[in-house]
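Please look at the sequence and the model first.

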Amino acid sequence: MSNSIESTLVETRVFPPPEGFVKQANISGRAAYQALLTQADDDPDAFWGQMAREHLHWTRPFTQVLDESNAPFYRWFGDGELNVSANCLEANIERGLGDKEALIFEADNGDVTRVTYQALYEKVCQIANGFKQMGYQAGDRVIIYLPMSVEAVAVMQACARLGLIHSVVFGGFSSKALQERIIDVGATLVVTADEQVRGGKNLPLKSAVDEAIAMGGCEAVKHVVVYKRTGGNVIWHEKRDIWLQDLMKDQATSCAPVAVNAEHPLFILYTSGSTGKPKGVQHSSGGYLLWAKLTMQWTFDAKPDDVFWCTADVGWVTGHTYITYGPLAAGMTQIVFEGVPTYPNAGRFWQMIERHKVTVFYTAPTAIRSLIKAAETNAQFHPKSFDLTSLRLLGSVGEPINPEAWMWYHINVGGERCPVVDTWWQTETGGHMLTPLPGVTPLKPGSCTTRLPGIAAAIVDETGADVAAGNGGFLVIKRPWPSMIRNIWGDPERFKKSYFPEELRGYYLAGDGAQCDADDCFWIMGRIDDVLNVSGHRLGTMEVESALVSHELVAEAAVVGRPDATTGEAVVAFVVLKGATPEGEQATLIAKQLRDWVAKEIGPIAKPKEIRFGDNLPKTRSGKIMRRLLRVVAKGEAVTQDVSTLENPAILDQLTKAV
């Protein structure tokens with residue numbers, strides 16, 4: 001393992017939580033937070049046991065909170081039984097919320113469908129009864145390859161209702177990626193749609209499933225259930241394929257939930273960008289759901305009259321925890337959005353917040369940064385051109401948010417009155433780990449600030465020893481927590497080696513480099529394998545990106561390293577300007593200006609050796625920057641990887657030109 005990251009990252013701007021927010025917050029004030037921290041640190045078993053009894057409905061109460069006898073294969077609430085779907089649906093109907101809107105679905109073209117808790121319950125039950133009639137039962141694995149829709153949420157909930165283990169594959173993934181996941185998870189059922197609609201275009205899904213199965217190795221698949229989203233042409237296999245509406249037809253609108261052990265796998269989700277064999281992250285039922293619900297109430301300060309909008313896709317863990325499970329377990333009304341933030345124009349997000357009176361908005365830094373450029377070049381798409389006064393809380397997810405992008409979000413979207421919860425977590429953690437609490441935490445732009453109660457986060461060196469405040473190191477979690485990854489599906493040795501390396505004393509290794517400042521605020525500096533070693537100096541990519549984005553001309557930046565004969569590694573920056581993409585002499589002048597700026601902000605050692613300008617950056621359809629592709633481009637190598645998940649594959653050609 002590498003040594004710690006050198007850092008000069010300093011942030012003097014601090015924003016205390018607004019007094020009005022503190023007064024009404026679910027966790028109100030520093031003393032309330034400290035009491036929870038102390039309770040969790042002093043007696044973790046008692047703390048987690050109390051939380052699980054208070055917040056979940058159990059069909060068989062547990063008697064043991066944590067079983068550590070086979071670490072790191074921890075078991076939480078292991079002799080208890082429950083049903084996740086019943087905790088999301090019946091639990092709310094029984095407390096009188098049947099007529100409350102659960103989902104407000106907005107289609108790509110702007111059409112809106114509103115679904116109450118009662119109506120969602122009935123749809124879920126009809127789908128579950130259809131699955132049951134086809135012979136599927138607890139423990140069977142289901143691949144879900146659906147667009148953002150009410151149906152996607154309902155199918156996931158129907159699986160949970162029967163104890164079927166779902167594995168959602170993002171609708172932008174290729175047929176090859178789909179085939180690998182079908183094989184690895186041993187799926188016997190696939191649920192898909194004829195097509196999905198994104199940015200005014202119909203994109204095929206069913207044909208990708210057909211291709212995946214035709215590649216071979218998917219013989220275990222007995223049925224393919226198809227949701228008719230567009231009515232587009234599909235090839236039909238009579239013995240295998242069935243329309244979702246035909247599956248649901250004449251099915252009862254009630255279905256008894258199957259009680260499963262708390263450790264029963266709820267889902268397997270494959271981490272994106274992995275090389276080699278896909279890595280299936282396995283999550284439990286009880287511990288995962290508990291943390292999904294608690295973080296809704298703590299991080300997002302969930303209130304009965306909130307309209308919550310997480311802009312993620314259900315193909316990612318954010319869409320699992322903060323669309324399909326957390327908001328429903330918390331009894332909230334939420335937006336489910338099919339489209340993209342720039343269609344039909346770059347004001348789409350702000351228009352939707354205004355139209356639906358969204359109160360809590362949760363999106364990714366990549367989305368924010370791309371919308372900054374549109375807003376600053378066209379006033380009609382600027383957030384200030386819309387009525388966003390319904391907002392009371394903003395969130396950020398997916399990667400560290402640059403301080404200047406944070407400030408823009410805070411000022412222009414939140415009107416300087418909304419706390420911004422910058423959440424650090426992972427597919428493997430199941431839910432938020434480090435985040436401000438909006439009624440407690442003074443905010444520092446660019447910092448995910450503090451640990452949640454029960455999360456023993458720390459920064460350590462390569463031997464697992466704590467490092468002093470302000471020094472960089474490895475981010476670890478020292479104690480198990482209920483929503484943690486349980487295994488890599490079918491590969492326990494890889495699980496232990498990847499997440500609990502012996503040299504780190506059995507701590508959970510997050511894979512991120514980070515530092516903690518004198519105020520106990522955490523700063524994520526980038527993935528350990530993204531740390532740059534320039535002439536023996538170790539730099540976090542996040543720090544260089546933040547320096548670039550703080551320049552008045554820059555909308556977005558991504559930084560990678562490439563081998564260099566002199567310095568060992570050279571900094572290569574890919575930059576999107578707020579204005580037009582420069583060429584020729586103008587590009588050279590701006591590149592020099594930005595290099596000098598980075599030298600001033602961080603130091604000469606951090607100056608990018610190359611700066612390449614583009615109209616945008618290579619992103620997946622969920623908005624994630626594909627830095628692994630940028631590393632290939634920076635080295636001057638041909639891109640041979642699958643780029644079918646990219647929203648904009650043509651951008652790679654533009655970015656091959658160095659300045």
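## A buried pair

Glu-556 and Lys-619 are both buried (under 20% relative accessible area; exposed is over 50%, partly exposed in between; 1.4 Å probe, protein chains only). Their side chains form a salt bridge, with N to O at 3.0 Å. A salt bridge here is a side-chain nitrogen of Lys or Arg within 4 Å of a carboxyl oxygen of Asp or Glu. Glu-556 sits in strand β28 (residues 554–564) and Lys-619 in the loop between β30 (610–613) and α19 (627–634), so the bridge ties together parts 63 residues apart in sequence.

The two residues also belong to a salt-bridge network, whose other members are Arg-369, Glu-399, Glu-545 and Arg-627.

## Basis of the model

This is a predicted model: local features need pLDDT of at least 70, side-chain atom pairs count only at pLDDT 80 or more, and totals for chains, interfaces and linings use all residues. Residues are numbered from 1 along each chain as its sequence is written, and side-chain values use heavy atoms, leaving out hydrogens and water.

## Other salt bridges

The count comes to 36 salt bridges. One of them joins Arg-13 and Glu-404 at 3.0 Å, N to O. Arg-13 lies in the segment before α1 (19–24) and Glu-404 in helix α15 (residues 403–413), 391 residues apart. Arg-13 is partly exposed, at 28% relative accessible area. Glu-404 is partly exposed too, with a value of 28%.

Asp-301 pairs with Lys-303, and their closest N and O atoms are 3.1 Å apart. Both Asp-301 and Lys-303 are buried.

## Overall fold

The protein has 20 helices and 30 strands (DSSP runs numbered from the N terminus: H or I of at least four residues, E of at least two). The C-alpha trace spans about 70 × 60 × 50 Å along its principal axes.

Of the 659 residues, 63% count as buried. Residues 24 or more positions apart supply 71% of the contacts with a separation of 6 or more (contact: heavy atoms within 4.5 Å).

## Surface and charge

The protein exposes about 23600 Å², and carbon and sulfur atoms supply 49% of that area (Shrake-Rupley method, 1.4 Å probe).

There are 63 positive and 76 negative charges, with mean positions 2 Å apart. Lys and Arg count as positive, Asp and Glu as negative; His and the chain ends are not counted. Each charge is placed at NZ of Lys, CZ of Arg, CG of Asp or CD of Glu.
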